[in-house]
Amino acid sequence: MKQHAPPLRHLERIWQKLLMRYLLPGKLRHLPHTLTIELTNRCTLACSCCPNGCDNAHHRPFHTLTATEFGQLLKQVDVPFTRVFLHLHGEPFLVRDLPGIAAMLIDRGADELSIFSNAYHIDLDILDKLLTATDGHKLNICFSAELYDRHTYEHIRCPGHFDAIWQSMEQIDAVMARHEKGYSVNAIIVPEAIDSLKDTIPPIFHRLRQLKDIHLSSAFPWPHHPQTGDIAGHLSPRRSICSQPWQLPPILSSGEVTMCSSDYRGECVIGSLWQEKYSELVNNAEARRFRRNIAMRKAQLNPLCGDCLIDRHQQLSRTVKRALIEKASEAQLENYFRKFHSYYDLDHASV
């Protein structure tokens, strides 16, 4: 009578076959349709939650793509895409050609664009033209600002001022209202502010009528700079297999292509679009080697990956929608925000 392998051993064999057939070669066989492009690596702020706020963290020359340069690089992107993130390690609204660049991407088939900005004194004319250029297409704009507390904002978003960011956000809200568009806000939560969230978050929605939701999260530790994140007590005992290398490699403002969206120094560059087509770079020898190291749990062999904690970091993330603020009772709001207590172990600390 034929003996059947135990279920666990059977799963191990399936995994080994999967590893040998798909992961070990390191080839990206099915290309995702989401592209990430950094239009500039310049920023107007030096936030403490970002490498830009760390001394000597930025090793790349500063560069901002022009519409002409972007058009030339776009010709080298010879793979299909439908979604594009126009952000990596800089402030997109410093790019005066942003509306024209968005129009180019739409002409190439992109039906959804996402932009992240710090909102600090951005050029409202660029925003207005961007909304016009993308009319009829999905545009996700998210502004990063701790609007719920002056001290938190000015501690994180250096050298920003709380009154100035609120002035900027109210001007942005007016522009979005003229175009009948909504937007989101990202905000980092600190332990000291948790008890007051049920009182400080609702007024933000009352003042900013086009605001759809606020994404509240803990800060995550950037590679080489773990002090940017909340890591004490929030690391899993072992690394997971990072999914980043199996996405489409991000394009830096220099035209170089990197394997990681957290590569603010340009350590994981696998080539340049000025010399090669994108399809050639996606699966070249460097890209395949990078993926093989991740798959074989030898991440330390990759530049940047050795001391990266992001794949182990258990980040807290909650999204507060306008509907919740408008309908929930005070008790419901208090219960909703209470989850932050367990993340920071505040309930235990107060006992």
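Serine 217 is buried, with a relative accessible area of 11%, which falls under the 20% limit for a buried residue. The structure described here is a predicted model. Serine 217 lies in strand 6, which spans residues 211-217. When neighbours within four places in sequence are set aside, the contacts of serine 217 are Ala187, Ile188, Ile189, Gln315, Leu316 and Ser317.

Strand 5 comprises residues 183-188. It pairs with strand 4 in the parallel sense, over 3 bridges, and asparagine 186 of strand 5 stands opposite serine 144. Strand 4, residues 138-144, is mostly covered, with 5 of its 7 residues buried. Strand 4 is also joined to strand 3 (residues 112-117) by 6 bridges, and these two strands run parallel. Within this pairing, asparagine 140 in strand 4 is found opposite serine 114.

At the start of helix 4, the backbone nitrogen of aspartate 125 has a side-chain oxygen of aspartate 123 within 2.9 Å. Ile126, Leu127, Leu130 and Leu131 are the buried residues of helix 4. Because they cover an arc of only 135° around the axis, they lie on the same side of helix 4. An α-helix has 3.6 residues a turn, so residues three or four places apart point the same way. The buried residues of helix 4 are covered by elements including strand 3 and strand 4, together with helix 3 (98-107) and helix 6 (162-178).

Methods. Residues numbered from 1 in each chain as written. Predicted model: local features only at pLDDT ≥ 70, side-chain atom pairs only at ≥ 80, totals over all residues. Heavy atoms only, no water. Buried < 20%, exposed > 50% of the residue type's maximum accessible area, 1.4 Å probe, protein only. Helix = DSSP H or I, 4+ residues; strand = E, 2+ residues; numbered from the N terminus. Pairing = 2+ DSSP bridges. Contact = heavy atoms within 4.5 Å. Arc of directions from axis to C-beta. Polar contact = N/O pair within 3.5 Å; in protein donor to acceptor, adjacent residues only side chain to side chain.
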